Amino acid sequence: MPRKASIQKLSNELLKDILDHIEADPERSLSIDRRAYLSVESFRLPSPPLPSQAQDIGNFRLACRRFAELGIPHQFTRIATRFSRAGLQRLEKIASRPNLAKHTKKFSYLIPFFYVEGRERVGELLHHANGDLQTLDASFFERKAEAQRSIVRSGEDLRVLKKAMMAFRSLQHVQILRLQDEADRSLLDYLHENGGSASRLVDLKWTPACTHALKTVGEALADARSPFSRFSGPMMNPQSVLALKKGIPQTLSVLSERLTCLELHFDDPIDLNAKMKDMSPLFKLIFASARNMQAVHIGFPSRQPLDLDIEEIFHNTHWEKLRAFGVQAWRLSAEEIINLARRHSKTLRGLRLRDVQLKDGSMWKDVLAMLRAEMELLDWVSLRRIDYSSHFDEVWGDSMEVPDYPPGGASDSDEEDDFHAHVDLEDDVFQSEDEYSDGDSDERSNADTDHGPDANELALSPDTPASLPFCTCSRSSYPATADDLGDNGRFVVYQQRKLWEKWVIGRCPEHT
């Protein structure tokens, strides 16, 4: 009789392939300087596996010791920890097991809004809410507020973070994210809508939460001499970052020396120019120390672009290894953009100028002409929602929000920008929301857009590399010079900026 086949007789390589079909290989490496890398969407927490996937991996690991070892990377390469008793307990258990902790390459810290002490009377608020919050359970919020106070006062979070950072000897990427569940979101929406009367009973603040997270994570990383080299903060608060300098000034420059990638997006529009100017010396310290920087993104709220000289933040820094650079929501002159790009013309392969508004007296055609003529290695440029400052004020001056789509209904996506892997680094799959929240799914994302699955892969080379010859179709519509780009110096429409992106790197606008 023929012998029965057994899965245990399969090689480890085949078993890993099987696991990859359940959940993509968490250790597969991808590039840092793909176009989507500097998108603020690239800050998102990796989407948790579907319940069936997690259960399948768990069941596989329960079969035998060999399978248990093979499945570890699929569960522990990326660790996401909530600021809660249960989250910290789980993190400590992982850190206590070297066979698990050695696989961790990315650590995401999920931080909720902090309750203002003395204003956590959720029960009273719900009683006076006239049924608007009838689905909420006051005891849930009261337990959460008590747990926050207990963790901070006891220093339990710092103790566990230090233990974890010491154990994660393969750590590459640290990420701090703002956490909201549906109950939090309902409560925050109610507080926003009802103003002072409600906030006298309950008040939730992001600034103290962000400050505490930065201080504790920074201290833990420095204490452990962590090998991490990449930091992401998509919802940073300027006051919190300034507090980091005051809290751990001796370690800030040490941590900065390790950085190769820095992604910061500031989401507080109140007195933004003054706050960022106050942070100028801090940025000078960080960027002067981060000599090995390969990718940088600094962004601000689209609804309120920063109005500050770009060198107040970057201080004429020249990074010899810089490959990808991005800014978002900034009022700049053409000269400022040209000077910064020119400093890195020998190395830069990707440039993102999202929501950049050119000041009076500047023209986009001057920026584009320089990029096309002088940027030797540029593979992609993103000009999403660029405009002129005066036109931006005319259209959005009285608005609190700037939508992701332009006036007129055209989708302002980068759906035609599909790039393939070129240089290996790290694999991340990200969500499509500004904050991590339970129940969110990538299924709502549009494929092949800045917000979709394709935007979440960190590959480098475009389908049509800049090194390929220009199209020889001899179409008369192809702009020969920057003067033929149709720049009127007053406003930019979607169709223009898409053509400009292709023109800069030598793609034919008709056939790409």
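Two residues are in contact when heavy atoms of each lie within 4.5 Å. With that term in hand, this briefing describes a predicted model of a protein with 512 residues. The protein contains 19 helices and 14 strands.

**Overall features**
- Of the 512 residues, 53% count as buried.
- The protein exposes about 23100 Å², and carbon and sulfur atoms supply 50% of that area.
- Among contacts between residues at least 6 apart in sequence, 85% join residues at least 24 apart.

**The packing of α8 and α10**
- Two packed helices are described by the angle between their axes and the distance between the axes.
- Helix α8 spans residues 156-167 and helix α10 spans residues 207-224; they pack at an angle of about 40 degrees, and their axes are 8 Å apart.
- Because of this angle, α8 is oblique to α10.
- The α8 and α10 helices cross in a right-handed sense.
- On the α8 side, the contact involves Asp 157, Leu 158, Leu 161, Lys 162, Met 165 and Met 166.
- On the α10 side, these residues meet His 212, Thr 216, Val 217, Glu 219, Ala 220, Leu 221, Asp 223 and Ala 224.
- The residues of this contact comprise eight nonpolar, two polar and four charged.

**The setting of Ser 345**
- Ser 345 is located in the loop between α16 (334-343) and β10 (350-358).
- Its relative accessible area is 9%, so Ser 345 is buried, given that the cut-off for buried is under 20%.
- Leaving aside residues up to four places away in sequence, Ser 345 touches Glu 374, Met 375, Glu 376 and Leu 377.

Key:
Residues are numbered from 1 along each chain as its sequence is written. This is a predicted model: local features need pLDDT of at least 70, side-chain atom pairs count only at pLDDT 80 or more; totals for chains, interfaces and linings use all residues. Side-chain values use heavy atoms; hydrogens and water are left out. Axes are lines fitted to C-alpha atoms, for helices over the stretch in contact, and angles run from 0 to 180 degrees between N-to-C directions. Helices (H or I, at least four residues) and strands (E, at least two) are DSSP runs, numbered from the N terminus. Angles under 35 degrees count as roughly parallel, over 145 as roughly antiparallel, 65 to 115 as roughly perpendicular and the rest as oblique. A crossing is left-handed if the near helix is turned anticlockwise from the far one by less than a right angle, and right-handed if clockwise. Ala, Val, Leu, Ile, Met, Phe, Trp, Tyr, Cys and Pro count as nonpolar, Asp, Glu, Lys and Arg as charged, and the others, Gly among them, as polar. Buried means under 20% relative accessible area, exposed over 50%, partly exposed in between (1.4 Å probe, protein chains only). Accessible areas come from the Shrake-Rupley method with a 1.4 Å probe; for residues, only the protein chains shown count as cover.
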